[in-house]
Amino acid sequence: MATIVLYSINRTAQTTVRQCLIPYSKGTSRVDSHLSVFLKTSVRRLTSLPRVRWVPKATGVRFMSLGTAGRTSSGRTRRGAVLVAGAAAAVAGFVASATHFQRAEMASVIPKTEEEDTEIAEKCKTFMSPPCTDVKVLQQRKEEMCTRMEMLIMETQAEFCRALEEVDGGKFKVDRWERKEGGGGISCVLQDGKVFEKAGVNVSVVFGNLTEEAAKQMRSRGKVLKGKDGKLPFCAMGVSSVIHPTNPHIPTVHFNYRYFEIEEGDGTKQWWFGGGTDLTPTYVNKEDGAHFHNSLKEACDKHHPQYYPDFKKWCDRYFYIPHRGETRGIGGIFFDDLDSPSQEEAFSFVKSCAHTVVPCYLPIVQKHLNDPFSPEEKDWQQVRRGRYVEFNLVYDRGVKFGLATPGSRIESILMSLPLTAKWEYMHEPPKGTLEADMLEVLRNPEEWV
């Protein structure tokens, strides 16, 4: 592929280029990061834009998402070379008239530079462990969604673990594991700390063929999956965390963000994102609930004004214990099977949610670090933890999927269970107590924003 280097360009052309790009950049989140840099710098950096190249076209400007553009019935993204003929003529024509720029299309992929490869390698050094996938493979597949999602979940794990270590003073045990059927994961667990009785932050990247039980679960949610010879190749990855503090005035928090990709018998691929963040306090605290929910709402509102109200309701419905008639906690957000409006925009939303994990939870931890508590309050925390266990083992979709997947690591799947819990026969708190107030909120979910 010919490489076009622009040594100079006149001021008129620069102005015209900016004017024709601005209307498209406002509504094209898929290329925001690159276009924003482009608009702030000179057009002389055109050829240094990562992951894109300019191809002459007969019609107006059109920007294509590299995550979805060129998808074929075989499920492969068209990455074949588009020959750029007459490089010298193209340069001369561009300098002579900026209208040539208006007949360009952003498409395909340029070869990754050494600088880009170094960027991934340097980021990997900041993680709790080397990523599940080999760094060289990640560099080769930098533009693919599986790579981008793996980098995000590794970054989220490291950011959250280090924030918790700073508060607790202890260190996470880092445990790498492999799955013989394909893939593996990294479990980070802190037990018997000064602040956290048990804290786990797991990353998993697994692949192989879906079992019939796992496929059945997905079909029950409306997925139409057509395998070949009874096989459905899949790739699944995610970050999941549950934090059980010692102090009953510090809430338990859970978050999970994941990506699924399934290849059907004809070669087409289905993909979707899922996840959420939710809070499970032992005692009601209005300020904590408002802070937590407002933080999540801000992240959602960046992408769609309906995301927070819809996903808040979904969370209340999902984390519900039917046999108890109560929710697991005070909720947050929850979503699954997210495959619109585009892969790039769905990923951008998930990224915003993942980056909200620390600011929505750590201020609450800091606030209650030194709160005194009585043996009775600790007992109530143990009873509430029992409810947590009941939901996770009976209803949680992630636990059920993990247990139905051959080669899954049981220790990581059951990491969400607390170190201690209790079940009291016919337990019901006296009316008018703080414990009864908590139960009332769990039986009748509130609007915190």
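The largest nonpolar core of this predicted model comprises 71 residues, and those with the most contacts inside it are F160, F273 and Y361. A nonpolar core is here a set of buried Ala, Val, Leu, Ile, Met, Phe, Trp, Tyr and Cys residues joined through side-chain atoms within 4.5 Å; buried denotes under 20% relative accessible area, exposed over 50%, and partly exposed the range in between, with a 1.4 Å probe and protein chains only. Helix α7 (residues 145-168) gives the most to this core, with 13 residues. Helices (H or I, at least four residues) and strands (E, at least two) are DSSP runs, numbered from the N terminus. With its neighbours within four places in sequence left aside, F160 is in contact (heavy atoms within 4.5 Å) with V201, S241, I243, V253, F255, V357, V358, Y361 and L362. Another core, of 12 residues, lies apart from the largest one and has W177, V206, L225 and F260 among its members. In soluble globular proteins, nonpolar side chains tend to be buried together.

Residues are numbered from 1 along each chain as its sequence is written. As the model is predicted, local features need pLDDT of at least 70 and side-chain atom pairs count only at pLDDT 80 or more, whereas totals for chains, interfaces and linings use all residues, and side-chain values use heavy atoms, with hydrogens and water left out.

Seven strands form an open sheet with antiparallel pairing, in the order β4-β5-β6-β7-β8-β9-β12; strands pair if DSSP finds at least two bridges between them. At the edges are β4 (173-178) and β12 (331-338), each of which pairs on one side only. Strand β5 (residues 183-191) pairs with strand β6 (residues 196-209) in the antiparallel sense over nine bridges, and V189 has G200 as its bridge partner in β6. Helix α12 (residues 357-368) packs on the sheet, touching β6, β7 (233-245), β8 (252-263) and β9 (269-280), and its direction makes about 15° with that of β9. Helix α13 (residues 375-394) also touches β6, β7, β8 and β9, with a direction at about 165° to that of β7. Axes are lines fitted to C-alpha atoms, for helices over the stretch in contact, and angles run from 0 to 180 degrees between N-to-C directions.

Strand β8 is mostly covered, with 11 of its 12 residues buried. It is joined to β7 in the antiparallel sense over 10 bridges, with six residues between the two strands of this hairpin; N256 in β8 is the bridge partner of S240. On pairing with β9, β8 runs antiparallel over 12 bridges, and F255 stands opposite T277. The β8-β9 hairpin has five residues between its strands, and G267 in the turn has a positive phi of about 95°.

In helix α10 (residues 307-318), the buried residues are Y307, Y308, F311, K312, C315, D316 and Y318. These residues lie on the same side of α10 because they cover an arc of only 165° around the axis, the arc being that of the directions from the helix axis to the C-beta atoms.

Backbone exceptions were also identified. A cis peptide bond, with omega about 0°, joins S340 and P341; P341 is found in the loop between β12 and α11 (343-354). D337, in strand β12, has a positive phi of about 55° although it is not a glycine. M426, likewise not a glycine, has a positive phi of about 55° and is placed in the loop between α15 (410-413) and α16 (434-443).
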